[in-house]
There are 2 protein chains.
Amino acid sequence: MQPRILEVRTRILKENDERARALRAEFLDAGVLVVNVVSSPGSGKTQLLQRTMTILREQGHAVAAIVGDLETDRDAQRLAKSGAPVRQIMTHGCCHLEADMVKQQLTGWGLSELDFLFIENVGNLVCPTSWDLGEGLRVAMLSVTEGEDKPLKYPGLFNTSDMAIVTKMDLAEVCEFDRAAALQSLQQVRPGIQVLETSAKTGQGVDQWIEFLKNRRCEQLAT
Amino acid sequence: MQPRILEVRTRILKENDERARALRAEFLDAGVLVVNVVSSPGSGKTQLLQRTMTILREQGHAVAAIVGDLETDRDAQRLAKSGAPVRQIMTHGCCHLEADMVKQQLTGWGLSELDFLFIENVGNLVCPTSWDLGEGLRVAMLSVTEGEDKPLKYPGLFNTSDMAIVTKMDLAEVCEFDRAAALQSLQQVRPGIQVLETSAKTGQGVDQWIEFLKNRRCEQLAT
């Protein structure tokens, strides 16, 4: 990147980090676990979140979601089927969400009444990497259709994530998904990263994911 | 986007446009058709290009490729299996290719000896949109695994592309790909756009794609 644009970006990123820090404190204080979900376009973020939010609500948890997209509110409409409140950020060309965009969406929501807030980022394996949203958990998703080497090719994103979810496991066989190679790529980029293998279609791994989220929230409340 | 960063970006983009214009004149003069291929990560750019380059070489055409990735030269290695010269640009975090990066890779290549030069962009449906590389043809790829609404959600990219290629058609049935909906999304964003449906695995649509490329090169030579 050219020096001039780099300099401005560094300043803007620093401002975003400060805003994200303030948001994080607010989320911790309210006792809500905020999950920033990042992946390529079409990796299955919306489908897994729709199922996740439906189950958490059935179990009595208060959940909400913020969805980022360049255009359209299609994903927000899909997530709203879970019955939870959902807000859409249309970025109109911007390739990532920023802390300020999230902050603006919180108006009128009683954060302390929420248990979980999911933020579905813009589909992009590069740019969301540098933008902290104040989340308590950053999850990188990777579908079996994308190729096992994605973590090696987009190391920044996987390296800044707290966990990885492999999606669309129901297609693993037909896509000749090399599970060992994918897990190895992930460990190479972020040694020790927790990985869940899921299918929003068959339900594989979804219970484990729900348990993980609930435990994570407990840990956050205990700190 | 914030006003300050927007201002710098506008200036940088203008510089890129000027460099791209100069490159385009160079490519036209040399009689090489330059194809800028853009898609999400894991949409199958490399696999389709590997097959395309192998066939074009078998037919006696001189082809070469430039590949952009954040890290790793895995895609360059795969494309080099076609027997064609391939160069890798590692962007180290930058989310798109720029005209200058392409220009730097051309040193030592006799452009006028080439018939086709493929540029495999960084896997990203957002950022490459604004960066002209001087190409004669911009192709947006969309795999059947990604969902039919991608053109609506990333209209900028599809709108600036000369054609669209649907990839991984061999997985269409198992992914319950809604062909009519996908074609409708494409036409809605870019009315009249030519669409090819392909599978690098089964070879579906590949002959058509090769014919399209050869015709396009002839048209370019005739202008």
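A word on conventions comes before the tour. Because the model is predicted, local features need pLDDT of at least 70 and side-chain atom pairs count only at pLDDT 80 or more, while totals for chains, interfaces and linings use all residues. Residues are numbered from 1 along each chain as its sequence is written, chains are lettered from A and ligands numbered from 1 in the order in which they are written, and side-chain values use heavy atoms, with hydrogens and water left out.

Let's start with how the chains are arranged.

Now to the place where the chains meet. Contact here means heavy atoms within 4.5 Å, and by that rule 42 residues from chain A and 42 residues from chain B take part. Of the interface residues of chain A, 98% are also interface residues in chain B, so the copies meet through the same surface. Together the chains bury about 3700 Å², 59% of it on carbon and sulfur atoms; this buried area is the accessible area (1.4 Å probe) that two parts lose on being put together, summed over both.

Polar links cross this interface as well. The rule finds six salt bridges between chain A and chain B, a salt bridge being a side-chain nitrogen of Lys or Arg within 4 Å of a carboxyl oxygen of Asp or Glu. There are also nine residue pairs in polar contact across the interface, with both residues at pLDDT 80 or more. A polar contact is a pair of N or O atoms within 3.5 Å; within protein, one must be able to donate a hydrogen and the other to accept it, and residues adjacent in sequence count only if both atoms are side-chain atoms. On the side of chain A that touches chain B, α1, α3 (74-80) and α5 of chain A each supply at least two residues. The largest share of that side, eight residues, comes from α1(A). Helices (H or I, at least four residues) and strands (E, at least two) are DSSP runs, numbered from the N terminus.

Another pairs Arg74(B) with Asp149(A), whose closest N and O atoms are 3.9 Å apart. This pair runs from helix α3 (residues 74-80) of chain B to the loop between β5 and α5 (150-153) of chain A. Asp149(A) is buried at a relative accessible area of 9%, whereas Arg74(B) is partly exposed at 37%. Buried means under 20% relative accessible area, exposed over 50%, and partly exposed in between (1.4 Å probe, protein chains only).

Over all chains, the count comes to 24 salt bridges. Within chain A, Asp132(A) and Arg24(A) form one with closest N and O atoms 2.7 Å apart. Asp132(A) sits in the loop between β4 (116-120) and β5 (137-143) and Arg24(A) in helix α1 (residues 3-30), so the pair ties together parts that are 108 residues apart in sequence. Within chain B, Asp115(B) and Arg217(B) form a salt bridge at 3.2 Å between their closest N and O atoms. Here the loop between α4 (99-105) and β4 (116-120) is linked to helix α8 (residues 206-222), so parts 102 residues apart in sequence are tied together. Asp115(B) is buried at 15% relative accessibility, and Arg217(B) is buried at 16%.

Finally, have a look at Leu79(A), in helix α3 of chain A. Is Leu79(A) buried or exposed? Leu79(A) is buried, with a relative accessible area of 0%. Leaving out residues up to four places away in sequence, Leu79(A) touches several residues, including Thr46(A), Leu49(A), Met53(A) and Glu120(A). Thr46(A), Leu49(A) and Met53(A) are among the buried residues of α2(A). Glu120(A) is 41 residues from Leu79(A) in sequence, yet their C-alpha atoms are 10 Å apart in space.
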